[in-house]
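Thanks for coming. Please have a look at it first.

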Amino acid sequence: MRPGRVAAALIGVAAGAAGVQVWARFAADLRAQRARVARGSRVWTSPRFGPIEYAMVGRGVPVLLAHGAGGGFDQVTPAAERLAVAGYQVVAPSRFGYLRSSSPDDPSPLNQAEAFVALMDRLQIRRAAVVGISAGALSALQLALAHP
């Protein structure tokens, strides 16, 4: 075998081994992050919308926090903890398609708002303040319009 081909083969083997190591680290990190976000939340299976993951923190006046596009319920955990200390009960669902919440055929903001209502009914919460952060604002607005 010519020296150029030997060098190319060795580079290919080294690149393959590096790729396997990167994939193994990625898979381990992904498992760790999935375990992290599974703590502190619950999943309720809505008859209409399927699984809805949510976290609850605190006691007091209920506040529903609708997260943005950067994550699920875990994205609003720091704000939820501050609100809980201030005397609020925070309900933080993962919106459609995030973490362990379902991804229905029609994930419109109106359907997401109806899923929020179904969850609040399940939790026996009749009234709540609603806060929508970034991409969560559309479904929060729909909730306020449809269920003032």
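Which residues does Gln-89 touch, not counting residues up to four places away in sequence? With contact meaning heavy atoms within 4.5 Å, Gln-89 touches Met-56, Val-57, Gly-58, Arg-59, Gly-60, Val-61, Pro-62, Val-63 and Ile-125. Gln-89 sits in strand β4, residues 88–93. Its relative accessible area is 19%, and it therefore counts as buried, which means under 20% relative accessible area, with exposed over 50% and partly exposed in between, using a 1.4 Å probe and protein chains only.

A word on what we are looking at. This is a predicted model, in which local features need pLDDT of at least 70, side-chain atom pairs count only at pLDDT 80 or more, and totals for chains, interfaces and linings use all residues. Residues are numbered from 1 along each chain as its sequence is written, and side-chain values use heavy atoms, with hydrogens and water left out.

On confidence: pLDDT is the predictor's confidence in each residue, from 0 to 100. The mean for the protein is 89, and 89% of its residues reach 70 or more. Helix α1, residues 3–38, has the lowest confidence, at a mean of 70, while α3 has the highest, at 98. Where pLDDT is low, the predicted coordinates should not be read in detail.

Now the fold. There are 4 helices and 5 strands, taken as DSSP runs numbered from the N terminus, with helices being H or I of at least four residues and strands E of at least two. From the N terminus on, the order is α-β-β-β-α-β-α-β-α.

Next, the strand pairs, where pairing requires that DSSP finds at least two bridges between two strands. Strand β1 (residues 42–46) runs antiparallel to strand β2 (residues 50–57), joined by 5 bridges. These two form a hairpin, with 3 residues between them, and Thr-45 stands opposite Pro-51 in β2. β2 also pairs with β4, again in the antiparallel sense, over 4 bridges. There, Ala-55 has Ala-92 in β4 as its bridge partner.

Finally, two totals. The protein has 148 residues, and 32% of them count as buried. Among contacts with a separation of 6 or more, 70% are between residues 24 or more positions apart.

That is the tour. I will stop here and take questions.
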